[in-house]
Amino acid sequence: MGWFQAVLISAVLAASCTASNRTFPPGFKFGAATAAYQIEGGWNATDKGESIWDRFVHDDPTRIPNNENGDIACDSYNNWERDIEMAAELGLHFYRFSLSWSRILPTGFNNRISEDGVRYYNNLIDGLLARGIEPFVTLYHWDLPQPIQDLSGWTNPLIAEWFAEYARVVYTLFGDRVKLWNTINEPIVVCDAVYNTGAYAPGVSNSEVAPYVCNKILLMAHAKAWRIYDEEFKPKYHGKVSITNNLLWVEPATEEFKELAELALQNFGGRYSHPIYSKEGGWPPGIEEVMFQNSLKRGYSKSQFPAFTQEEKDLVRGTFDFFAFNHYTSRYIRKAKEGETFAPFPVGDVEDLDGINMMPEGSEVGATSWSAVFPEGMRRLLVWLKEQYGDIEFVIAENGFPTYGGLEDTSRINYHKEYLEQMLLAINEDGVNVTHYTAWSLMDNLEWVDGYAHKFGLYEVDFTDPKRTRTPRQSAYYYASVIAHHSLDVSID
Ligand SMILES: *[C@@H]1O[C@H](CO)[C@@H](O)[C@H](O)[C@H]1NC(C)=O
Ligand SMILES: *[C@@H]1O[C@H](CO)[C@@H](O)[C@H](O)[C@H]1NC(C)=O
Ligand SMILES: *[C@@H]1O[C@H](CO)[C@@H](O)[C@H](O)[C@H]1NC(C)=O
């Protein structure tokens with residue numbers, strides 16, 4: 001018990017609700033998340049290799065407002081002990097972080113393993129376990145080794161093998177202590193957002209071919225990495241591995257757009273889920289036909305959307321131990337009008353479907369333009385996922401709200417409270433088996449091309465201070481209290 005717990009916060013039972021909609025199931029786990037490039041800094045520490053984000057921000061410093069970059073970020077490379085302390089202050093059951101592939105394998109390949117990189121992650125993992133906090137480790141959160149990008153990155157089919165080799169190195173190094181793994185974070189960003197816009201590393205723009213080639217190759221990479229764990233490591237370590245999708249909930253603007261909304265869900269989430277989680281495997285219903293027609297319309301002689309062979313389908317199908325997803329916001333969708341233009345990701349129209357996305361009317365929007373608050377989307381999404389993929393285990397791997405700063409973040413507290421309420425309804429009323437909830441983020445960090453101005457942290461980070469001092473926000477006290485009482489019936493005095 002530290003000072004942090006001492007300022008907690010009495011539990012009050014809300015009169016209007018019975019306990020089960022306010023109290024989390026026994027064994028339900030809470031965590032917070034970060035990602036390597038967004039927090040670590042130490043971009044050129046000892047023998048670390050260059051990643052695509054290092055190259056992207058150094059090549060053209062104006063890509064992020066105020067010439068910001070992740071060279072130092074939260075300096076978690078040096079501040080990892082404080083990070084663990086924060087996780088302990090919150091009472092987290094687990095901490096989700098990602099590994100920098102080029103910090104562990106400076107060349108991107110398994111010919112050389114960095115002692116310093118291994119030391120860094122060993123310290124972090126051992127430090128967490130010493131405080132009773134479980135590490136939930138993501139292998140890839142967008143920072144590809146530049147030497148692999150030089151060989152076409154996620155559009156080269158050979159990357160499936162290179163990623164699998166990296167995964168084997170990592171399982172070998174940390175698998176005795178890490179039991180919860182995630183292969184790839186938000187494939188829709190790695191493939192669709194990156195190549196549709198060119199606005200994220202590696203800065204390559206190719207919207208008609210690359211996203212779909214990448215989509216398939218990335219699934220193959222995930223599947224190989226999952227199978228290596230399943231065959232070589234699971235028998236002795238008994239851990240679990242999955243992939244983490246970013247899922248937007250989509251509502252039809254009016255009844256007539258119901259089918260369009262369903263297709264949009266299949267396009268946004270299904271392209272990275274159906275091949276893995278459905279009984280039959282392969283692409284989701286309807287999508288292959290849409291992509292085929294679009295390819296013809298764009299003048300290609302055949303579909304630019306790659307088919308799976310039966311062997312590939314079988315390789316990918318069933319490669320999960322739970323269903324992990326990140327969820328932030330929802331949209332309404334309608335058909336585009338004649339000549340209407342499409343806004344690119346992340347606000348995100350669906351040009352392939354001729355669909356225009358609209359923000360939910362009247363909802364609060366945070367610092368980042370895409371961040372409309374629509375808590376009901378959480379419950380509807382969970383119900384939809386259970387209908388699609390069955391009564392499996394669901395892990396919410398990110399959920400959070402961006403502000404412009406300040407320690408009194410009522411909007412963030414309300415966001416977590418309202419989304420958790422909807423999650424509890426899905427659990428209690430709809431029988432969805434959600435076992436973990438993860439707040440994004442443990443602390444403010446580099447919000448990619450939005451820079452440091454958009455703040456998602458339960459802890460504020462002072463980026464003008466060389467020590468990158470971290471200070472708990474009101475939301476940190478709130479979250480700690482929810483965790484301590486295993487209930488939403490808490491108030492902050
Ligand atoms: C939970 O909330 C729902 C919706 O408000 C309500 O219908 C249900 O009775 C509540 N369940 C319990 C056990 O309180
Ligand atoms: C590492 O990068 C920083 C800039 O972020 C630079 O000042 C420093 O000289 C570099 N160190 C090495 C060893 O290259
Ligand atoms: C939810 O999933 C976990 C992990 O597979 C399992 O242990 C648990 O029994 C499931 N709970 C329910 C209510 O199905």
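**Exercise 1. State which helices each supply at least two residues of the lining of the second largest pocket, and describe that pocket.**

Solution. α11 (258-277) and α12 (287-297) are the helices that each supply at least two residues. Helices here are DSSP runs of H or I with at least four residues, strands are runs of E with at least two, and both are numbered from the N terminus. The model is predicted, so local features need pLDDT of at least 70 and side-chain atom pairs count only at pLDDT 80 or more, while totals for chains, interfaces and linings use all residues. Residues are numbered from 1 along each chain as its sequence is written, chains are lettered from A and ligands numbered from 1 in the order in which they are written, and side-chain values use heavy atoms, with hydrogens and water left out.

Next, the volume: the second largest pocket holds about 240 Å³ of space. On a 1 Å grid over the protein atoms alone, a pocket is an open set of points with protein on both sides within 12 Å along at least five of seven lines; a cavity is a set where a 1.4 Å probe fits but cannot get out, and lining residues have an atom within 4 Å of a point. Grid points are joined across faces, edges and corners, and a volume is the space filled by probe spheres set on the points.

Then the lining: it has 13 residues, of which N294, K297, E351, D352 and D354 are the closest to the centre. α12 provides the largest share, four residues. By class there are five nonpolar, two polar and six charged residues. Ala, Val, Leu, Ile, Met, Phe, Trp, Tyr, Cys and Pro count as nonpolar, Asp, Glu, Lys and Arg as charged, and the others, Gly among them, as polar.

**Exercise 2. Find how α4 and α6 are oriented to each other.**

Solution. The axes of α4 (residues 76-90) and α6 (residues 115-130) come within 9 Å and cross at roughly 10°. Axes are lines fitted to C-alpha atoms, for helices over the stretch in contact, with angles from 0 to 180 degrees between N-to-C directions. The angle therefore makes α4 roughly parallel to α6, a term for angles under 35 degrees.

The contact (heavy atoms within 4.5 Å) involves W80 and I84 of α4 and Y120 and L124 of α6, among others. Seven nonpolar, three polar and two charged residues make up this contact.

**Exercise 3. Locate two cis peptide bonds and a residue with a positive phi.**

Solution. One cis bond joins A201 and P202, with omega about 10°; P202 is in the loop between α9 and α10 (210-237). Another joins W440 and S441, with omega about 15°; S441 lies in the loop between β11 (434-440) and β12 (459-461). W142, although not a glycine, has a positive phi of about 85°. W142 is placed in the loop between β3 (134-140) and α7 (146-149).

Notes
Angles under 35 degrees count as roughly parallel, over 145 as roughly antiparallel, 65 to 115 as roughly perpendicular and the rest as oblique.
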